[in-house]
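Hello,

Here is the structure for you to look through. My notes follow below it.

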Amino acid sequence: MTFWRPPSHIRIKALGLNWRDGRLLAAEVYDDAGRVKGVRPLGGSVEFGETSAEAVRREFREELGIDVALVGAPLYVENIYQHEGALGHEVLILFDVLFPEGAFEGQDCVRFQEDNGAEGLARWFALDELDVEGGPDLYPAGLKNRLLAANV
């Protein structure tokens, strides 16, 4: 079995923030033992020659099979982190995204497939459920505070 480790270069990622009744859609992030260690908004790497807006739209088409609408100006976050002892560095461009009317209506969670074939699970979380004792961490670290500050 091969375990994921961050590459040794800076990555540019575009993520989508989808809100339902004040709850953020976020996908599970696992440790090497297969335990959920946190959650993160959906999206992925920006490919060469692609804008971040194009990347987030493409990622949602690939992972969820839907076309999203981007709303407002993006939020930029630089994230230097450790994953299983390996250093990672990424610049995240986060967009508020709207789903097509009726998409995933009545569903509490959404199953999707990563580009490497791995299956993922995302669900909507209230921000007060995240980064607290007994709840999952929201990645990247500090995103919860940035989102709370942006909504004040």
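Helices (H or I, at least four residues) and strands (E, at least two) are DSSP runs, numbered from the N terminus. This is a predicted model: local features need pLDDT of at least 70, side-chain atom pairs count only at pLDDT 80 or more, and totals for chains, interfaces and linings use all residues. Residues are numbered from 1 along each chain as its sequence is written, and side-chain values use heavy atoms, without hydrogens and water.

Start with the second largest pocket. A pocket is an open set of points on a 1 Å grid over the protein atoms alone, where a 1.4 Å probe fits, with protein on both sides within 12 Å along at least five of seven lines; lining residues have an atom within 4 Å of a point. S6, S7 and helix H2 (143-150) each supply at least two lining residues. The lining includes Leu17, Trp19, Leu94 and Leu147.

Next, helix H1. Its 13 residues (52-64) should span 18 Å at 1.5 Å a residue, and the end C-alpha atoms are 18 Å apart, which agrees. The expected span is 1.5 Å times one less than the number of residues. Just after H1, Gly65 takes a positive phi of about 70°.

Now the loops. Phe104 sits between S7 and S8. Its phi is positive, near 60°, though Phe104 is not a glycine. Phe104 counts as buried because its relative accessibility is 15%. Asp131 lies between strand S9 (119-126) and S10. Asp131 also has a positive phi, about 60°. At 34% relative accessibility, Asp131 is partly exposed. Buried means under 20% relative accessible area, exposed over 50%, partly exposed in between (1.4 Å probe, protein chains only). Finally, the Tyr139 to Pro140 peptide bond is cis, with omega near 0°.
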